[in-house]
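Reader: I am new to this structure and would like a close look at one part, the place where the chains meet. Please keep it brisk.

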There are 2 protein chains.
Amino acid sequence: MRILFAATCALALATAAFAQEVEAPPPSPSEIVSLAPTDDWIAIDPENLVVMTLPPLEDGTERKVVMQLIGAPFSQGWVANIRTLARAKYWDGSQILRVQDNYVVQWGQPDPEMGVEPKPVPEGLKVMTEGEYTAGSPNWLTGPVLQAKRQPQVFEDWPAPMMTDAYADFASFRDGWPIAGVQGMHLARQWPVHCYGMVGVGRNMSPDTGDGSQLYTVIGHAPRHLDRNIAVVGRIVEGIEHLSSLPRGTGPLGFYEDESKRVPIVSVRMAADMPESERPRFEYLSTASESFARYADARANRRDPFFIQPAGGADVCNIPVPVRRTDAE
Amino acid sequence: MRILFAATCALALATAAFAQEVEAPPPSPSEIVSLAPTDDWIAIDPENLVVMTLPPLEDGTERKVVMQLIGAPFSQGWVANIRTLARAKYWDGSQILRVQDNYVVQWGQPDPEMGVEPKPVPEGLKVMTEGEYTAGSPNWLTGPVLQAKRQPQVFEDWPAPMMTDAYADFASFRDGWPIAGVQGMHLARQWPVHCYGMVGVGRNMSPDTGDGSQLYTVIGHAPRHLDRNIAVVGRIVEGIEHLSSLPRGTGPLGFYEDESKRVPIVSVRMAADMPESERPRFEYLSTASESFARYADARANRRDPFFIQPAGGADVCNIPVPVRRTDAE
């Protein structure tokens with residue numbers, strides 16, 4: 001297995017050429033992203049966009065949170081359930097139940113033990129097994145796993161930057177999502193990872209896997225110990241500040257003890273079901289593109305003027321996949 | 001070099017013995033911490049505790065933020081400046097200037113370009129070089145660096161769990177602080193790392209290194225690319241939620257565009273200068289203790305009942321050093 005594209009070298013060459021022409025400093029990661037050609041961006045299907053509306057703040061600030069659902073092969077049963085729940089308007093009138101500092105914000109209908117009659121979930125929700133927290137993958141990685149370095153590297157058989165990882169044999173990206181994976185003689189599995197802003201499915205004790213009716217998002221350092229223990233179904237692509245800046249709950253695990261502190265959820269809708277004029281539109285930078293490889297390299301080796309010492313590596317959650325709005329808003 | 005204490009094996013043995021007696025599930029990380037003997041806890045010197053008071057919230061909630069300053073050999077010039085600035089009451093009447101989601105909260109006196117006459121800093125502040133972002137260390141690590149694994153391991157010559165790291169040759173802990181380090185033939189350096197809640201010193205472009213008059217704390221995924229580029233001087237040990245839950249600034253880098261949004265800082269005081277009765281008291285779990293090694297192992301391999309798949313590793317910022325109050329509060 002051969003390294004197809006050594007991002008570091010390519011960037012060094014590109015930078016050298018650039019410097020001769022205009023003597024500009026090396027581009028920052030965001031400059032690399034803003035210069036990416038249109039073809040490197042991939043539109044997000046409105047069937048994979050979910051809009052959660054909270055009441056406006058006292059000063060009139062609107063609060064909308066937009067979530068992108070993950071694609072195959074990951075968590076597809078839960079993703080289907082989320083579409084079903086949104087279309088049944090299950091979350092309308094539900095609440096933000098829990099805000100735990102440096103951990104998660106969790107929302108949904110209150111649990112029965114909170115003293116509220118539970119709202120019935122719609123019919124037809126799928127039931128998943130714990131095996132579906134991860135997805136199988138071809139067992140092709142023997143070479144690169146052994147060679148995986150802190151520096152993001154692109155290999156011939158896996159067209160996205162790959163790095164060593166503290167939690168798995170490697171970390172990388174797949175179709176726009178941060179993932180990790182393990183290799184073995186008879187087992188190769190991959191899974192989406194718990195980075196900041198990723199969304200997972202609340203569950204009870206094993207073997208329960210959750211039906212998707214309570215969701216959470218990460219608002220702190222990546223709690224990667226949750227990987228493979230919970231279904232990851234997507235990420236917040238806009239408005240996470242409306243969740244991450246909420247007052248922390250004072251009960252165990254950050255649950256709000258005082259019910260009046262729970263922010264009500266006005267509505268949760270699939271973007272695909274909204275009128276064309278109101279539909280938010282987003283696109284993400286293809287993680288298989290050369291632009292993304294350059295961006296990942298620049299995140300791992302900051303050369304823009306503020307920095308004096310490039311790190312020489314980065315963890316997968318410190319290379320957030322660029323996502324941007326494409327409508328006027 | 002020999003592995004002194006394989007935390008995994010020790011824990012497995014301890015757990016097996018424990019299980020035979022009471023058939024309890026394996027302890028969670030927090031249970032391990034709560035069972036640590038008194039001798040494993042180290043009191044924090046009040047000369048290393050700084051109390052920042054913000055105005056109470058509208059509902060009367062008090063807002064105090066307590067910072068622990070880092071000890072030698074790290075950042076000692078900046079730490080001395082912070083004591084000088086606190087004792088000169090420099091920060092009284094200053095403001096929270098910047099809240100950037102998944103990044104930092106920054107405070108201090110406004111910059112001149114914000115249109116405010118700058119408050120003069122006290123005399124006698126030290127000036128540091130960029131070389132002081134890191135500290136030298138004996139070049140003893142050739143063995144363990146080659147052997148460093150995802151699993152936290154304790155080596156004979158370094159009495160704290162050591163793991164591989166995406167940003168350095170290894171990550172570990174030193175006198176209660178998360179650190180990382182590089183090895184080389186002629187160069188061995190260590191530095192404190194930018195985990196959630198760590199505090200750093202705002203600076204202008206290189207070669208400026210900052211005087212400590214503007215500080216920031218991390219409120220998102222560890223921005224480890226800042227390591228070795230900025231002085232890390234401590235961590236928030238209580239009250240970070242009063243910073244992390246602030247509204248995000250809407251200007252570039254999360255600066256507040258509307259001056260009225262900046263939360264004023266009532267006072268910043270050294271705990272050592274406060275009356276005995278008001279002084280907060282804290283202690284941290286010795287990172288050289290066997291309790292800490294068991295805790296780190298349990299963070300990397302969650303075996304408590306919720307978990308079905310131990311991660312098999314953890315990054316240094318996902319093993320927060322336990323700190324607790326020891327006064328009645």
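Predicted model: local features only at pLDDT ≥ 70, side-chain atom pairs only at ≥ 80, totals over all residues.

Author: Residues are numbered from 1 along each chain as its sequence is written, chains are lettered from A and ligands numbered from 1 in the order in which they are written, and side-chain values use heavy atoms, with hydrogens and water left out.

The same surface serves both copies: 100% of the contact residues of chain B recur in chain A. Contact here means heavy atoms within 4.5 Å.

Now the interface itself. Chain B gives 49 residues to the contact, and chain A gives 49 residues. Together the chains bury about 4100 Å². Of that area, 54% is on carbon and sulfur atoms. Buried area is the accessible area (1.4 Å probe) that two parts lose on being put together, summed over both.

Polar links come next. The rule finds 30 residue pairs in polar contact across the interface of chain B and chain A, both residues at pLDDT 80 or more. The side of chain B that touches chain A divides into 22 nonpolar, 12 polar and 15 charged residues. A polar contact is a pair of N or O atoms within 3.5 Å; within protein, one must be able to donate a hydrogen and the other to accept it, and residues adjacent in sequence count only if both atoms are side-chain atoms. Ala, Val, Leu, Ile, Met, Phe, Trp, Tyr, Cys and Pro count as nonpolar, Asp, Glu, Lys and Arg as charged, and the others, Gly among them, as polar.

Four salt bridges cross the interface of chain B and chain A. A salt bridge is a side-chain nitrogen of Lys or Arg within 4 Å of a carboxyl oxygen of Asp or Glu. One joins B:Asp59 to A:Lys261, at 3.3 Å from N to O. This pair crosses between chains: B:Asp59 sits in the loop between strand S3 (49-54) and strand S4 (63-69) of chain B, and A:Lys261 in the loop between helix H5 (241-244) and strand S16 (267-270) of chain A. A:Lys261 is partly exposed, at 41% relative accessibility. Buried means under 20% relative accessible area, exposed over 50%, partly exposed in between (1.4 Å probe, protein chains only). A:Asp59 and B:Lys261 also meet in a salt bridge, at 3.3 Å from N to O.

Other bridges lie within a chain. B:Arg248 pairs with B:Asp101 at 2.7 Å, N to O. B:Arg248 lies in the loop between helix H5 (241-244) and strand S16 (267-270) of chain B, and B:Asp101 in the loop between strand S5 (95-99) and strand S6 (104-108) of chain B, so the pair ties together parts that are 147 residues apart in sequence. Both B:Arg248 and B:Asp101 are buried. Helices (H or I, at least four residues) and strands (E, at least two) are DSSP runs, numbered from the N terminus. Over all chains, the count comes to 32 salt bridges.
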